[in-house]
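Have a look at the structure, then read on.

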Amino acid sequence: MLKLAVLVSGGGTNLQALLDQMEQNKLPSVKIEVVISNNKNAYALERARKYQVDAAAISKKDYATIEEFNVALLKLIDRYHVDLIVLAGCLMIIPECVIKNYRNRIINIHPSLIPSFCGMGYYGLKVHEAVLERGVKVTGATVHFVDEGTDTGPIILQKPVMVHEDDTAEILQRRVMEEAEWLLLPEAVRLIAEDQLIIDHNRVRIKK
Ligand code: GRF
């Protein structure tokens, strides 16, 4: 059984994609142990509760220093003895102590084809606004392992999505979610649950 901690910050549609696939028994050897958000009002926490999944909020505002917050986040995750941390619409900076303790066991879904439109400042709608501003014809989404950088870890899966002439950032974001994010994230979790990934330096190979 692959046990997950899913870290969220907002609406939780990527979390919902995982929950839906689990409900359809498409991820039989996966269990979400906890959903953790830095935003106590995140609707993603409500989605977790509807499936009787532990939902926890943790905020930097409740700690005197960032170091204390980082240690508290690590302790919260450790309490659930998970195998994999999934960043699903997560805007938290993942502390180095978490990355070191969960080396190659943290994945993130990013709404562009990395290395385009990623890194500091590229999150949520801003990614799609930049895509439209640049006038690219193809965008997409990427699932990658998380390392100390921002969107720099080994790439696991990618999926292209066409940009339409009349797209707004909101319309494009929705299409990238529907056609790419909500498919890629569960597929990456399935591959890890079936031990199908090999990390070879900065490349990820799929065994079959
Ligand atoms: C969306 O912009 C999505 O593209 C990115 O994070 C944001 C919120 O996702 N991955 P979610 O609906 O909270 O999963």
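## The largest pocket

In this predicted model, 39 residues line the largest pocket, and Gly-89, Cys-90, Leu-91, Asn-108 and Tyr-123 lie nearest its centre. The volume of the largest pocket is about 910 Å³. A pocket here is found on a 1 Å grid over the protein atoms alone: it is an open set of points where a 1.4 Å probe fits, with protein on both sides within 12 Å along at least five of seven lines, and lining residues have an atom within 4 Å of a point. Grid points are joined across faces, edges and corners, and the volume is the space filled by probe spheres set on the points.

Helix 1 (13–23), helix 4 (96–101), strand 5 (106–110) and helix 6 (169–193) are the elements that give two or more residues to the lining of the largest pocket. These elements are DSSP runs numbered from the N terminus: helices are H or I with at least four residues, strands are E with at least two. By residue type, the lining of the largest pocket divides into 16 nonpolar, 18 polar and 5 charged. Here Ala, Val, Leu, Ile, Met, Phe, Trp, Tyr, Cys and Pro count as nonpolar, Asp, Glu, Lys and Arg as charged, and the others, Gly among them, as polar.

## Two domains and what lies between

Where does the largest pocket lie? It lies between domain 1 (1–102) and domain 2 (108–208), because both give residues to its lining. The domain bounds come from an automatic or database domain assignment. The C-alpha centres of domain 1 and domain 2 are 19 Å apart. Across the two, 20 residues of domain 1 are in contact with 15 residues of domain 2, where contact means heavy atoms within 4.5 Å.

## The second largest pocket

The second largest pocket has a volume of about 170 Å³. Its lining includes Leu-2, Asp-83, Phe-145 and Ile-198, and divides into 7 nonpolar, 1 polar and 3 charged residues. Strand 8 (residues 197–200) gives the most to this lining, with 3 residues. Domain 1 and domain 2 each supply at least three residues to the lining of the second largest pocket.

## The cysteines

How many disulfides does a search of the whole structure find? The search finds 0, a disulfide being a pair of cysteine sulfur atoms within 2.5 Å. The closest cysteine sulfur to that of Cys-90 is in Cys-97, 14 Å away, so the two are too far apart for a bond. Cys-90 is buried at 12% relative accessibility, whereas Cys-97 is partly exposed at 23%. Buried means under 20% relative accessible area, exposed over 50%, and partly exposed in between (1.4 Å probe, protein chains only).

## Two buried side chains

His-128 sits in helix 5 (residues 125–134) and is buried, at 0% relative accessibility. Leaving aside neighbours within four places in sequence, His-128 is in contact with Pro-111, Ala-169, Leu-172, Gln-173 and Val-176.

Leu-45 belongs to helix 2 (residues 43–50), and its relative accessible area of 1% makes it buried. Beyond its neighbours within four places in sequence, Leu-45 is in contact with residues including Val-35, Ser-37, Lys-40 and Ala-56.

## Reading the numbers

Residues are numbered from 1 along each chain as its sequence is written, and side-chain values use heavy atoms, with hydrogens and water left out. Local features need pLDDT of at least 70 and side-chain atom pairs count only at pLDDT 80 or more, while totals for chains, interfaces and linings use all residues.
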